[in-house]
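Q: Here is a structure that I would like to go through with you, asking at each step how a value leads to the word used for it. Could we take the surface first and then the details?

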Amino acid sequence: MKKMAAVLLFWVTGFIQLSAQTKTLSLREAVAMGVQNSKALRLAAHEIEQALAQAEQAKDASLPSVGISAGYNHALMLSQSFSLPAANGSDPQKLNLPFDNTLYQSTLSINQPIFAGNRFRYARQSANLLLQMSRLNAEADKDEVIFTVIQSYINYYKLRKNQKILAQNIEDIENKLAEIKKFEAQGLATKNDVLRFELERSNMKLTAIELNNNRKIVNYNLNVLLGLPDNTVIDEKDINYRLGENAPFKSYLDQGLEDRKDLSEFKYRLKLTDINIKKTQDEKLPTVSAGGNLYFINPSGNIVPKNGSYLAPFVVGINVGWDIGSLYKNKSKLTESKIRKQEEADKYEIARDRIKTEVNQSYLQYKQALEKVSVLQEAIAQAAENERIMESKFRNNLATTTERIDAQTLLYQARINLELSKSDATAAYYALLKSTGHIQL
């Protein structure tokens, strides 16, 4: 039984190792994968296809309409005699009708709009504007996906950096613990000194457990975002920190006011309101169309009639229609269209102000992050020098174990803070690019 349990444990362990896949991804590769597998972008693509179809429908509306109809009628004459009154006052002419009567009829009609108050042209323009807006929305969705992947990848990268620094620090503590135990054996350190280092090691291991759990959570979320299998373990690559971007604020602001998709969408909405106003005004104009109708009337009982026993008139003409009531009914409708235009103009100005504040906030946050990196670079040099001095003092019995561990902890924390601040500055830079509507790696 023990052998069987050992074999089973071996196979289960092997299966778990095989089922967990490790995938090494750079930030650029993660972004490309996120864009490729995004369900939101697939939905945006469907919306573009729908807008394209609507644009084609608007074009088709100006094509001639063609219709054909056919019918069969069967009548039973309950009264078979009928007298036609004569116009000159003479005796009426009596007609005898058959009891059973059959009628075949069909119609072929063609109608081509010639002038319809430019409504077809305005319909095409509106459909094209809606198509452009759907493409803008798709680009905005893509920017959102890219930014989400970047933020998620950087968060994962920060966790992994934290883990690596912690592992390095645990290794340092292990070495110092081994050293202090030797000192204890030689009578140069106390048992309390050993316990202090062991306690510090235990605290670091608890932090390592917490970091590893957080890494699993972020790893899983990143797998979902990138369309990877749930059990994939992502191995990150070093990020190219964006710490030297010194473009002036005005360049970012100008780019935001030029490239932001939501602001461009309001510009298209303003154009749509102009078209709606023109459509409302043109509804007062008459409509003109040309058409033709071919009729076939067969009152005989035969499906294929004999010569001279059917009628086939072809009628062509021009139709003019004018809704005179629109001259006084469209005033309120036109007023409503103009109000909507002003409403969209106000929304455009509100969006413009919002973009200005977003770019300004993102720019200041990026600058603040750069300043933190600069300060922490100085702090890590100071912490390293402090740790070196405390190490020397401890060896010469001029510093306590607590002071030595505190110096080591300060150095460890400074290393973590510097790496986190570099990652945060990079994330702030991409947030700044997103606020300008021009995010790119």
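Q: What is the accessible surface of the chain, and what share of it belongs to carbon and sulfur atoms?
A: The accessible surface comes to about 27100 Å², of which 56% belongs to carbon and sulfur atoms; such areas come from the Shrake-Rupley method with a 1.4 Å probe, and for residues only the protein chains shown count as cover. This is a predicted model, in which local features need pLDDT of at least 70 and side-chain atom pairs count only at pLDDT 80 or more, whereas totals for chains, interfaces and linings use all residues. Residues are numbered from 1 along each chain as its sequence is written, and side-chain values use heavy atoms, with hydrogens and water left out.

Q: Which secondary-structure elements does the chain have, and why is the chain called more spread out than a compact globule?
A: The chain has 10 helices and eight strands, where helices (H or I, at least four residues) and strands (E, at least two) are DSSP runs numbered from the N terminus. Its radius of gyration, taken over C-alpha atoms, is 41 Å, while the globule rule gives 22 Å for 441 residues, so the chain is more spread out than a compact globule. That rule is 2.2 Å times the number of residues to the power 0.38. Along its principal axes, the C-alpha trace spans about 150 × 70 × 30 Å.

Q: Why does Ser 126 count as buried, and what does Ser 126 touch?
A: Buried means under 20% relative accessible area, exposed over 50%, and partly exposed in between (1.4 Å probe, protein chains only). Ser 126, found in helix 4 (residues 119-185), has 11% relative accessibility and therefore counts as buried. Not counting residues up to four places away in sequence, Ser 126 touches Leu 272 and Ile 275, a contact being heavy atoms within 4.5 Å.

Q: What makes Ser 337 buried, and why is Gln 255 called partly exposed?
A: Ser 337, in helix 9 (residues 331-395), has a relative accessible area of 12% and is therefore buried. Leaving aside neighbours within four places in sequence, Ser 337 is in contact with Asn 276, Ile 277 and Thr 280. Gln 255, which lies in helix 6 (residues 249-259), has 24% relative accessibility and so counts as partly exposed.

Q: Why is strand 8 said to lie largely in the open?
A: Of the eight residues of strand 8, the number buried is zero, so strand 8 lies largely in the open.
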